[in-house]
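Dear colleague,

I am handing over the structure below, together with some notes on what was found in it. Please keep it open while you read.

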Amino acid sequence: MVVDKHLSILAKQHVETRFVKVHAEKAPFLTEKLRIVVLPTLAIVKNAKVEDYVVGFDELGGKDDFSTEDLEERLAKSQVIFLDGEGSAYAAKQAAATKRSVRQSGTGNSSDSE
């Protein structure tokens, strides 16, 4: 499953959050209790209470080819992961963008000392 791949990456990067995978078909009681009717659904649970849901792919670009960073940003919006850590894919993406812009700004101007 597409979401599994992204969540396994994020689980390694965000140790502040517990990621739990449940097969909805094999856990009808839990699925009903969490009011899950569409797959995939991420139930965002904080302090033993469901705070938010990510249902389907609509919030992730509407397609199943979304990036890990897209999912990471969505989970950060729910405040279950934090993007300021060095280990986050989002932080790595931001650092790469910064490096690119620094390189791009150096347009080959030589120093004045020549």
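Which element gives the most to the lining of the largest pocket? That element is β1, with six residues. Before going on, please note that this is a predicted model, in which local features need pLDDT of at least 70 and side-chain atom pairs count only at pLDDT 80 or more, whereas totals for chains, interfaces and linings use all residues. Residues are numbered from 1 along each chain as its sequence is written, and side-chain values use heavy atoms, with hydrogens and water left out.

The protein has four helices and two strands, arranged along the sequence as α-α-β-β-α-α; helices (H or I, at least four residues) and strands (E, at least two) are DSSP runs, numbered from the N terminus.

The largest pocket holds about 930 Å³ of space. Here a pocket is an open set of points on a 1 Å grid over the protein atoms alone, where a 1.4 Å probe fits, with protein on both sides within 12 Å along at least five of seven lines, and lining residues have an atom within 4 Å of a point. Of its 31 lining residues, Val20, Lys21, Val22, Thr41 and Leu42 are the closest to the centre. Two or more lining residues come from each of α1 (2-13), α2 (28-33) and β1 (41-46).

As for the whole protein, 26% of its 114 residues are buried, that is, under 20% relative accessible area with a 1.4 Å probe, protein chains only.

Best wishes

Methods:
Buried means under 20% relative accessible area, exposed over 50%, partly exposed in between (1.4 Å probe, protein chains only). Grid points are joined across faces, edges and corners, and a volume is the space filled by probe spheres set on the points.
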